Amino acid sequence: MSHPAPPRPPGVPAVRRPELPPVHGAVICLAAPCLVVSPEDGQLTGQGIGGIYRSGRRLLSRCVLRVGGREPVAVQHCRLGANRASFTATVRTGAEPGPDPDIGVVRVRHADGTERITVRNFAARPVRLPVELLLGTDLAELAAVAEGRPGPELPAVVYAAGLRWSSAEAQAVTAAEPTPDDALASAGLLRWQFDLDPGEARTVELRTTPDRGARVSAGQAIPLSDASAEADDPRAEAWFRTGVEDLGALLLRDPDAPGDAFAAAGAPWRLGLAPAESLWAARMALPLGTGLAAATLRVLARAQTAGSGPDAGKIPGPLRGAGPQLPPGCTGTEATLAFPAVLAEARLWGLPEDEVAQLLPAAERCLDWLRGALGEDGFLADPDPGPRRCETQAHAHRAALLGAGLLAGCGRSGAEEWQEWAAALRERFRARFWTDGPDGGRPAAALHPDGRPLPRLTGAVVHLLDTGLLAGARLAPGLLDRPRTGQVARLLGAPAMDSGWGLRSMAVREPGHNPFGHRSGAVRAYESAVAVAGLAQAGFEKEATGLLRGLLDAAERFGYRLPEMFAAEQRTPGSAPLPHPAACRPAAVAAAAAIHVLTALTGIRPDAPARAVRLVPMPGAPLGALRLSGLRVAGEPFAVRINRLGLAMVEEAADALQLMGQETV
């Protein structure tokens with residue numbers, strides 16, 4: 001049994017948690033579980049978080065290049081995809097008069113631990129150049145690096161065409177091709193002597209692995225469909241492509257069932273399973289196929305709490321900070337409520353019925369847990385006992401309605417009970433959570449255990465707009481009626497919440513607002529994407545368009561790899577979104593946001609069991625003409641085009657798939 005810590009004596013400061021090393025300027029190459037974190041000049045110095053990692057362990061922390069006895073001058077870095085990047089530099093040898101560099105250096109670094117270093121002679125005469133690499137490692141775990149205690153650099157030994165390092169827990173090998181002319185273990189030095197004619201180039205390839213084997217393979221566990229976007233606004237294509245690539249790079253195999261995979265939460269700090277975020281990312285990626293959702297659901301079903309206690313049926317998950325005024329919430333509660341909703345929507349997108357049947361008992365156990373977890377006041381606390389959060393009620397309501405549709409579609413009992421349960425929750429929510437005011441009112445962020453509302457305006461309110469999809473290509477009803485939904489839309493579109501770069505996680509004038517606070521003011525890409533999709537589905541074109549354009553502008557500024565969060569300083573002419581120094585980039589829900597937003601613009605609403613699909617595009621075509629191809633509906637390729645007038649047309653679909661009549665929102 002754990003005991004509370006003794007009180008801190010007067011005058012003794014609280015122990016500070018270790019500060020995460022800043023990564024906002026890092027160049028991250030990822031093909032999970034392989035990860036490379038580089039500074040912008042490409043030189044791994046052994047300081048900070050930089051290095052080559054495999055499964056959470058740093059294999060190489062120092063890789064400093066010297067050409068002609070000096071470090072090259074970095075001039076550019078470029079991300080070439082989710083898993084590789086290039087670093088371009090120059091060297092001035094002094095062989096030619098004037099300030100012009102006469103040697104070019106290009107390093108292409110891959111997530112799997114390989115690096116190609118090409119040195120080219122730009123001079124008009126032959127040159128002889130020593131090329132040196134200073135290598136080293138501590139073989140530290142990423143968690144230790146994050147806490148600032150990586151440990152000392154380990155001694156190297158010369159091994160074949162490179163160097164090797166060993167500790168009690170691990171070893172790493174860096175092999176070079178061609179074989180270096182000299183190798184000095186005490187300095188971690190590999191050296192070549194290059195004779196280069198004018199215009200000639202020579203290349204060195206390094207391979208860093210956990211052992212003496214060949215390069216590490218890091219293929220995707222669940223290949224995502226080869227989908228693409230085309231639009232009058234070319235940024236949409238780049239954003240969609242980058243999102244798909246990054247989501248694929250975050251996929252990790254379940255060690256207990258390697259045929260299943262899930263999206264890790266983000267790199268570098270959260271390269272593992274985060275039950276709620278992994279489910280939400282899989283849900284947003286359903287247009288790319290149902291494989292990721294099915295695999296993620298199977299992974300979580302195996303972790304579901306068994307037995308007959310109060311937690312039976314709940315999916316475990318850690319606590320997560322909720323900003324000022326509220327205690328941390330349980331991500332396991334969120335994941336448990338997401339499970340039946342994601343399974344229900346995956347079935348509508350085309351998850352085969354035999355796979356649905358295998359997962360259905362776990363979804364029913366989630367619903368059973370929800371039934372038993374409801375408080376005496378008719379709301380779900382998170383954690384219990386604790387506040388009744390607005391978004392938790394939205395997740396519970398969605399789970400009940402989509403769970404009812406799932407039960408009915410699969411011929412199981414209980415659908416009517418859950419529909420009645422959801423209707424009762426709607427009545428209670430509207431009576432207890434809505435707070436009137438001169439601005440038109442707002443939903444409370446939470447109810448305290450004693451019933452007092454906390455009338456704080458936060459980004460969590462967007463989950464009230466995310467009602468979910470039902471059979472017949474219909475949207476489920478939400479917790480709010482139409483007038484109150486309109487009021488929420490107005491609040492989300494106002495400057496207090498819309499930063500111009502996306503949606504703030506808390507309104508500007510709320511107590512405790514911090515533009516860098518991950519739950520107290522920063523823009524979170526996931527919430528912004530949910531807001532755009534929810535507003536579009538509810539017919540609030542103006543507010544949806546404003547947030548969409550801001551988020552797309554932010555994506556462009558971040559090279560289309562949106563971080564999980566960034567500072568929500570108000571946009572002004574000539575300004576740019578400010579990075580959060582500790583934010584994961586890429587992050588699963590931020591990568592999937594591009595897929596979710598652009599699919600929402602087309603309004604695809606499938607009902608694969610009925611062999612039907614409906615298109616409800618967002619009016620106004622805010623990005624002009626838009627075409628999405630390579631999607632998957634009912635297990636077959638699907639392509640849709642929206643013209644500049646906002647009219648939708650299916651260009652490719654399964655032969656038996658029927659197009660239902662278009663609706664207006």
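Author: A crossing of two helices is called left-handed if the near helix is turned anticlockwise from the far one by less than a right angle, and right-handed if clockwise. The model discussed here is predicted.

Reader: What is the handedness of the crossing where helix 5 passes helix 6?

Author: Two packed helices are described by the angle between their axes and the distance between the axes. For helix 5 (residues 331-349) and helix 6, the axes come within 9 Å and cross at roughly 145°. The crossing of helix 5 with helix 6 is left-handed.

Reader: How do the residues of the contact of helix 5 with helix 6 divide into nonpolar, polar and charged?

Author: Helix 5 contributes Thr333, Thr336, Leu337, Phe339, Pro340, Leu343 and Arg347 to the contact. From helix 6 come Glu353, Val356, Leu359, Leu360, Ala362, Ala363, Cys366, Leu367, Trp369 and Leu370. The division is two charged, two polar and 13 nonpolar.

Reader: How many residues of helix 7 are buried?

Author: Helix 7 covers residues 390-409 and reaches 29 Å from its first C-alpha to its last, close to the expected 28 Å. Just after helix 7, Gly411 has a positive phi of about 70°. Helix 7 itself is mostly covered, and the number of buried residues is 16 of 20.

Reader: Where is Pro385, the residue joined to Asp384 by a cis peptide bond?

Author: Most peptide bonds are trans. The bond from Asp384 to Pro385 is cis, with omega near 0°. Pro385 lies in the loop between helix 6 (353-373) and strand 23 (388-389).

Reader: What is omega for the cis peptide bond that joins Arg585 and Pro586?

Author: Pro586 is placed in the loop between strand 32 (578-579) and helix 12 (588-602). The cis bond joining Arg585 and Pro586 has an omega of about 15°.

Reader: Is Ala473 buried or exposed?

Author: Ala473 sits in the loop between strand 28 (469-470) and strand 29 (474-475). Its phi is near 60°, a positive value in a residue other than glycine. Buried means under 20% relative accessible area. Because Ala473 has 0% relative accessibility, Ala473 counts as buried.

Reader: Why does Ala621 count as buried?

Author: Ala621 is in the loop between strand 34 (612-615) and strand 35 (626-633). Ala621 has a positive phi of about 45°, although it is not a glycine. Ala621 counts as buried because its relative accessibility is 10%.

Methods: Residues are numbered from 1 along each chain as its sequence is written. This is a predicted model: local features need pLDDT of at least 70, side-chain atom pairs count only at pLDDT 80 or more; totals for chains, interfaces and linings use all residues. Side-chain values use heavy atoms; hydrogens and water are left out. Helices (H or I, at least four residues) and strands (E, at least two) are DSSP runs, numbered from the N terminus. The expected span of a helix is 1.5 Å times one less than its number of residues. Buried means under 20% relative accessible area, exposed over 50%, partly exposed in between (1.4 Å probe, protein chains only). Axes are lines fitted to C-alpha atoms, for helices over the stretch in contact, and angles run from 0 to 180 degrees between N-to-C directions. Contact means heavy atoms within 4.5 Å. Ala, Val, Leu, Ile, Met, Phe, Trp, Tyr, Cys and Pro count as nonpolar, Asp, Glu, Lys and Arg as charged, and the others, Gly among them, as polar.
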